[in-house]
Every structure is written in C-alpha cells, then in structure tokens.
Amino acid sequence: MTWVNDVIQGIMLGGFYGMLACGLALMFGLMRIINLAHGDIAVLGAYLIYVVLEHWNTSPFLAILPVLPVMLLLGYLLQRLLLERSLRSGLLVPLLTTFGLSIVIQNLLEQGFSPDVRSLGAQAGSIATSSWQITDQLSIPAIGALTLGVAIVIFGALQLFLSRTQPGRQMRATAQDPDTAELVGINSKAVYARATAIAVAIAAIGGMFLAIRSDFYPYSGPTYLIFAFEAVVIGGLGGSLWATLLGGIVLGVAQTIGGQINPEYPVLAGHIVFLLVLLSPRGGLVNLRRVTA
Amino acid sequence: MSAQPLVAPASAPTTIRRWTRLSGGFTTGFALLVVALIFVPVALGANTVQDLTTLLTYVLMAVMWNALAGYGGLVSIGQQAYIGLGAYATVWLAQHSVNPYFGMLLATAFCGVVAIPLSFLMLRFRGPQFAIGTWVVAEALAIWVSLDNALGAGTGTSLSQLDSYAPTSREHYTYWLTLAFAAFFIGALFMLLRSRLGSSLQAIRDDEDAAASVGVRVVAGKRILFLLAAAGAGAAGAMTLANTLFIEPTSIFSVNYTAFMIFMVLVGGLGTFEGPIIGAIVFYELQNLLGNDGVWYLVVLGGAAIAFALFLPRGIWGTLEERTGLRFMPVGYRLRRGAAAVAAASVDEEP
Amino acid sequence: MSLLDLEQLYLRHGLLEAVRDFTLVVAEGETVALVGANGAGKTTLLRAVAGAHRPSAGRIGFDGADVTRVPAYRRVQMGIALVPEGRRLFPALTVEENLLVAAQRRRPGRWNVDTVIEAFPMLERLRGQRAATLSGGEQQAAAIGRALITNPRLLLLDEVSLGLAPLAVEDVYRSLATVIAEGATVIVVEQDLARAAAVADRVVCMLEGRIVLEGAAGELTREQITEAYFGLRRRGEVEA
C-alpha cells in the first residue's frame, strides 16, 4: 500500500524536521527567542562541511567533526555578542536582530560561495541512495532511517543532559525562573550561551543531513526555518522536547501525504496543517511552554 | 481633631494641548508638500517621476509596517503577502476587463477585506508566533498563486493592459495614484492616532494587560491597524506592479520586502510618525548607491538593521525626538502645568 | 566587625523611588529584623543586597568589599543568600534538584543536600517530588534549605511566614533559631512584629522607602514599633 509507504517516508522526513527544530525549541524554551536565522545557520553548517570536503576527500559524516567545535564557538559568540543584548531590550528586538542576521548570513554565503546549488549527497556515498526493499510497495531509504535514528539519539542525549547533569539542571532552572536562578548562584548569561552553542551545533548536524538529502544554496535557510518552526508549534501539544520531534513527524507525514495528492502540494499541505493547529483551541493556547524535564 | 476636609494643595490649572505652533506649521507644510508633489510630472522629467514613484512606494511600505510594529507592537515578517496579493489582484481584475488603475484601487480594498479573517487567526498571538504566522501565510499565498496558470504560475505575469496608455501618461498616472495612496494612508494613520484609538494604542504599547484591565479594547485596536497595514501594503504592491510592469511570485512575495521595511523603520525610528518617512528616504538613497552591488547591499541592510536594533533602537528620528523634544506631527499630547513638570511615559513636556 | 555596609542606598522601580537614603550597618553574627507595611521597600532592599536589583545611587559593602556592581550569582559565591518572597522554588524541578542546582557553587561549609534534609526532616520523603506540588510550609523549608546549602555568611529571609499555617511558621522559626545560634548573620523581613522582635537583636522599621525607627529589639516598645510601622507620627504632620 503506497499510503503505508508514504507514512513511513513521512515519519523519516519528520525525524529530519525534528532535528532541525531541536535547537530552535531549545532556544525558545530557555530564552523565549525565536532565532529567525536558525535555518541559515543550518545552511552555514552545510557550507562549512563543504569547505572541509574540499580539502579532505572523505564523507560528510566525518567532515562534520571539525565543523562541530566551530559551530559551538559560533553559537557561543552569537549569544554573547548579539542575543544577550537583544534580550535586555524587549520583545521586538530579538526578532529584528535575528532577522537582520539571517539576511547577512544568506548574502555573505552568496558572496563567498556563489549562488550555485550544491549537494553533498555524492560524497555521502551509497548511504544517500540505497534503501531496503521490504515489500513491493514498501522501501526504506537508508538515509531516511539514519536521519531518524540520529534525531532520536540527539533528542535522547539532550533530554539526558537536561535531566541528569548539573549544567542541564541549571538550564531547566533558568528556563523556569531566570531571576531566582541568579539568586542561587547560576550565571544565567553563561547558561544561555551554552544553550545557543548547543542549538547551533545541532543545527549544523541538521545542515549536514539537509545537504545530503537534497541540494542547497545560500537562500535555502528560510524554508527550513519555517519547517522547524512549524514542527515546534505543531508539537506544542506536550510542551516537552520530545513533543518537538513528534511535531516534526506530523509535519513530515502531512507533507508526504500532501505530495501524494499532488506533487506540487507538499509544502502547502504542511502550511495548512500548521495553520490548522494554530486555529485549533489548543493552538491558541499553545504558548510554547518552556523546556522542562 | 478638627473636621476640615482634606484639600489638595493649590496649583496652577493644567491645560492640555494637541497642537503647538511648530507642529501646526509642520502639518500645514506637509500638506503643501503633497500639493506641490502633484505638479512634479508637469515640472520635472520622466526619470524623476519614476524615481519619486519608487520612493513614494517605499514610504508607504515603511509607514504601514511601522503602523503595525511601532504603534501596534506587532512585528510582522509577512506583509509581503499583501504586497503580492495587491499586485496579483490587480492583474486578475485587469484580465477581467476592469480598468487597470481602477483595479488597483479595488485590489487595495480587497487586501483590506482579505485581512479581516486573517486578523482573527493571527491576532490571537503575539511575538514570534505572530511573526512567523504572518510569514507562513505569505509563503502559502505565494505557493497558491504560483499554482495558478491564468496568473502566469511560476514564471510571472505582466500588466499588459497598461500598454493601452502612452508611456508618459502611464508614468504620470502611476505617479499620481502612488502619491494619492501614500497621502491617503499617511493621513488615515494620522487621524487614527489622533483619535481615541490613538491613546488606547499608546496604552496597549506601554502595557497590554493593564490597558485591557481598564477597558481598552486591545484586539479591536490592533485589528484596525492590521487591516490598515494590509490595505496599505496591498496598495504598495499594486503600485510596484504599475511601476515595474512585470511580477513573479518569488519576487513579489519575497521576504526581502520585509527586510526593506524593517531597515527603513528601524533606521528612521520605530514608533515615531515621521521616522519611517526618513527611513524610506535613507533606504532609497542607499539603494541608489549600492543597488548595483547586489548582495553587499543586502548585507549592509541586514547589518544596519542589527546595529540599529541593538544600539540605536529609537532610530534617527526617535533619538532626535528624545534629545530635543521636538514633535512635528501632533500625534501625542502636551501637558503643561503651572508648577514643576513631572516626566511621564506617554505625555510630552513643553520644551 | 561589620559584614554588611549599606550606604545611602537609593532604589527605583521605573520612575518610582522604592528605597531612599537607606543607611545600615550589620555586624557579623547579628540578626536584624526589617519590618514595615506592604510597599515600604523591604523586598526591594533585600533584592538589592542579594544583587537582583541595581541601586540608582549609594553603596553596598560586604565584608569590606564594594559589591554594588557585582552580579547576583557572584554574590552567592561570596556568601550572600536570599530566600525570596513567595519561596520561588523551581516548579518543575524536584526538591532534590532544587537543592542540587544551588549546591553547584556552594562555598565550603557544613551544608550539603544530606545535612539540609537532616535539618528539615519533612523534606526526606519529598526529595523526588516536584516543587510545585508541595504545600506552603514544605516549600518554605525547601527554599530555606536551598539558600542554606550555599553556606552563606549572610542569610536574607523575605517574609518566610507569609501564607503559612501557624504550626508551619513555628517549624520555620525553630530551624531558623538553630542557624542563628550557630553564628550566622541574618536579615529577616517579617510582617509578624512579635516574631520579628523575638528572633532579632535589632529591629529596623521602614516606611515609604526610608528608615523611620531603629533600635535594639529589647529596648523598643510594641507601641513605638507600631507607630513607626503605620507612620502615625511624622515630623510636621498635621492631624486632619
């Protein structure tokens, strides 16, 4: 049954969206900032991997290793230099700052890499194209399964980090009450910077999969930001980190099924589901609750 | 203990004025400027006419975005939805034998009407949900339009019905209509801010929950701004079409328009009346200077938006206003007391 | 030896001046009760001492160092701990997590998770429970424990009896007495004048941001405090 196949494809696509959404949800849960440059940061990660691959002929899965510490540092700097100030100035400013950042990143990427469309699928090797044939109508692409698997690992690791480690506990406390957190000795600025660093690094992993699954160019970012945000909002049902992954899966399935109905419809189908969730009574009350254990 | 009632200490009577000589003079000057601008096509050459049309379109976009963000506290990154809608509605109407210029008027009204149900959806949110919600709507509209073959689908379409006009007349009519739209929407916003709604908007901006608790109809106030901004953006879209003659979904619904609007309003002065106009002029000059440098110009735009947002959030005009206490357009109140004045957030002091 | 040195402190809330010209010296080992009606500025003052509120003028000295500009989290490491008004436990964290998160940066001393729970035995069975589900008295115990676990030299308590049943208040003050007996320096904000006078060495009464009365607990009469509290006798006041 092709529908079953579609749902499975949708779930795996959802894993990808969930991964993209993870960092966004983390930053929002902690700081109430939606980083409008999040998608562009993922694309930036993809470009950095591309740069590594120019010098080192290997697979993107290895090329990402040197990229991750760079992204961690970038995230840290992003928070300390830009977002920290924005946080103090009210609710409008972070939106405007991250939007400006998005424009800057996109255009710097075009300047540096030309507007050509690229893909890292070739360098990923057979894993990008192979699949397991289960039945006549059901096949599971290897990259899809891998993406979903990695997404689950990332979410799991983040969850463990938040609930079992001291820095994670500090992050949860700061999310729940930043004022009191300072009063018990937590340096909230350092906590925020750590979170942004993690969010940016996870975005880079998302960028890697983005570049393998399909092509990308300097202006790919916003599309993925929208998907990530839609995943977070749809998943707002639970208010927990796993809900974001679930939201991503719902979005992925909606898009895949929409695509079945008409090949031009997948993205639109996702938008419709998103708007429907917003419209629903829960949608109105979904205030993207903070990241909790 | 004596039975005297408590009496407030005597003080000079308080007067409230809306106009000062300066603001009265300026408003008159502004009106005269609009009248003078009417004569531009007669007095000046074709290039100037087209340039001014572009500038006026930017002014309209900036003022309308500021109406929503600066006065309504609603940061929209999806106003391009109405820019595109206004343009495509004009095309559709022209295809159905409506006079193109009349079609632009109708398209503008159409955008305002479409915004009504959208407002019920969007105004339930604030902050990031509102922002991205508006953006998703714009994206959805862009996709929807690009699926329509009659409207040129993905490759775009043109307002060929304008070919029936001689090029010079077409440019002149386009200019005058743009001027009319800009003057109308600026005027409408002005009247709105001076009305009772204006003070409730100020209250909403300062503290939404407190305003609601004293009976200010928060959502109604925001809705009016939302509709006005939508119609204004629609007019800007229609005029962009008239000025450039060709549109396609990816560009007319592009989020770059939001980037422009944010730049203009932040640089000019968010939440001030005059600011966006100044910002539009700055933007226009910047475009002339850098426009041919492609991406660098957008980098400068984005970087400037960040810098202003972080370091000069009140923009050029806002900072000027703060330092000097000057107000050209009388949209606030001036309180004058006999005794020493107390500074308050929403009340200006007589300089 | 003065531990806390507040010099002509001015604190604002936006345009409102909440605390004016506040000068106070607290010696090591002293217990000071800060009393006053709602809105007198007591909470704002404690928050300023803890570092959560920046003074618009004046100086805060702690153990000889000028801490006026030092951020709150660093003051915890220096030895100032605040039990905030309303307890303010982290609601979705368990009791144990609330303690652990404060214990991260604690100073050396005898307080850790186990000794805190020993001091507040009711917390033993609540260790794994989310803080939001606790009763008022239990939350208060946990909040005090969370402050103690940092091994503070100066303990600030803001309205710990507020909203608690009398028995719970008894418990709280009994634990407090133990801490005081061990030589801690404490500033306690209290609405209950009797308790305040009973536990403190000195009483300071605030009204509209200023100190209107100050003296040793034993020397001030109930009447004096009440009058100061309500501002019944002010300089130059005409009786209407």
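Which residues have the most contacts inside the largest nonpolar core? In this predicted model, select Ala46(A), Ala228(A), Leu60(B), Met61(B), Phe263(B) and Leu156(C), which have the most contacts inside that core of 281 residues. Next, highlight residues 188-213 of chain A: this is helix α9, and with 18 residues it gives the most to the core. In soluble globular proteins, nonpolar side chains tend to be buried together.

Now centre on Met61(B). Setting aside neighbours within four places in sequence, Met61(B) has contacts with Ala233(B), Ala236(B), Tyr257(B), Phe260(B) and Met261(B).

Hide the other chains and show chain C as a cartoon. Eight helices and 10 strands make up its secondary structure. Chain C is as compact as a globular protein of 240 residues, because its radius of gyration, 18 Å, is close to the 18 Å given by the globule rule for that length. The C-alpha trace of chain C spans about 60 × 40 × 35 Å along its principal axes. Of the 240 residues in chain C, 44% are buried. Among contacts in chain C with a separation of 6 or more, 68% join residues 24 or more positions apart.

Bring chain A back for the last stop. Here 17 residues of chain A are in contact with 21 residues of chain C. On the chain A side, select α7 (166-176) and α8 (178-183), each of which supplies at least two residues. The largest share, six residues, comes from α7(A). Coloured by residue type, this side of chain A has five nonpolar, seven polar and five charged residues.

Technical notes: Residues numbered from 1 in each chain as written. Chains lettered and ligands numbered in written order. Predicted model: local features only at pLDDT ≥ 70, side-chain atom pairs only at ≥ 80, totals over all residues. Core = buried A, V, L, I, M, F, W, Y, C linked by C-beta atoms within 7 Å. Buried ≥ 20, exposed ≤ 12 C-beta atoms within 10 Å, placed from the backbone. Helix = DSSP H or I, 4+ residues; strand = E, 2+ residues; numbered from the N terminus. Contact = placed C-beta atoms within 7 Å. Rg over C-alpha atoms; globule rule 2.2 N^0.38 Å. Nonpolar A, V, L, I, M, F, W, Y, C, P; charged D, E, K, R; others polar.
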